[in-house]
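Me: Could you take me through one part of this model at close range, and then show me how the rest packs around it? I'd like one connected answer that I can follow with the structure open.

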Amino acid sequence: MLAFEQPDDPACRIASLSDLDAIRALEVVEFEHLAYPYFVLRQLFELHGANWTVAEDAGALCGYVLTAIDGDSTAWFLGFAVASECRGRGHGRALLEAALAQCRQARAEQVFVTVKPGNRIAYHLYKEVGFVWADHEAAYFGADEPRDVLVHRIYH
């Protein structure tokens, strides 16, 4: 493969416990003060880890989607990030599509995600995979942390 060629499909797989350190490191870079502490990631993994998706590039974790699916046919993407050096190469879209496929398989009927208003790159990607605006909360994550809530409705 030539240096400028990329693989056709980014490699996505179900997360494992051994991915938590890399997920935490990416959380800190991407979300700074809003990053999940390791102990929270560990407990969320116990509850929802079978639904988490990670992407790899050259054998290293380069992105993730932390998905929670409840028993009421609703799912939430609790976390989603792609490392800056891997952006623009299809990893984000592949992660979202893989996570949505898991939600379909689990018979979820709707998937929610929050996005910071003004994050045009995230909005564009979510729109491409079928998310639409549902709500806005001025203090979703506390003071000065507004978020828009997007939803993707799954039809079986």
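Reply: Let's start at Ala68, which sits in strand E3; helices (H or I, at least four residues) and strands (E, at least two) are DSSP runs, numbered from the N terminus. Ala68 counts as buried because its relative accessibility is 11%, where buried means under 20% relative accessible area, exposed over 50% and partly exposed in between (1.4 Å probe, protein chains only). Setting aside residues up to four places away in sequence, Ala68 touches His48, Thr74, Ala75, Trp76 and Leu78; a contact is a pair of heavy atoms within 4.5 Å. Gly49 is 19 residues from Ala68 in sequence, with 8.3 Å between their C-alpha atoms.

A word on the ground rules: this is a predicted model, in which local features need pLDDT of at least 70 and side-chain atom pairs count only at pLDDT 80 or more, while totals for chains, interfaces and linings use all residues. Residues are numbered from 1 along each chain as its sequence is written, and side-chain values use heavy atoms, with hydrogens and water left out. The average pLDDT (the predictor's confidence in each residue, from 0 to 100) is 92, and 94% of the residues score at least 70. Residues 1-5 fall below 50, and this stretch has 2 contacts in the model beyond near neighbours in sequence.

Now for the cores. A nonpolar core is a set of buried Ala, Val, Leu, Ile, Met, Phe, Trp, Tyr and Cys residues joined through side-chain atoms within 4.5 Å. The largest has 25 residues, of which Phe77, Phe80, Leu96, Cys103, Val111, Tyr126 and Phe131 touch the most other members. Strand E3 (60-69), strand E4 (74-82), H3, strand E5 (110-115) and helix H4 (120-128) each give two or more residues to this core, and H3 gives the most, with 5. Apart from it lies another core, of 14 residues, including Leu20, Phe45, Tyr64 and Leu66.

Helix H3 (residues 91-105) has 15 residues and should span 21 Å at 1.5 Å a residue, which agrees with the 21 Å between its end C-alpha atoms; the expected span is 1.5 Å times one less than the number of residues. Buried in H3 are His91, Gly92, Ala94, Leu95, Leu96, Ala99, Leu100, Gln102 and Cys103. Just after H3, Arg107 has a positive phi of about 70 degrees.

Helix H1 (residues 20-31) is worth a look too. Its buried residues are Leu20, Ile23, Leu26 and Glu27. Seen down the axis of H1, they fall within an arc of 125 degrees, so they line one face of the helix; the arc is that of the directions from the helix axis to the C-beta atoms. Asp21 and Val29, on the other side of H1, are exposed. The cover over the buried residues of H1 includes helix H2 (38-48), strand E2 (53-57), E3 and E4, which brings us back to E3, the strand that holds Ala68.
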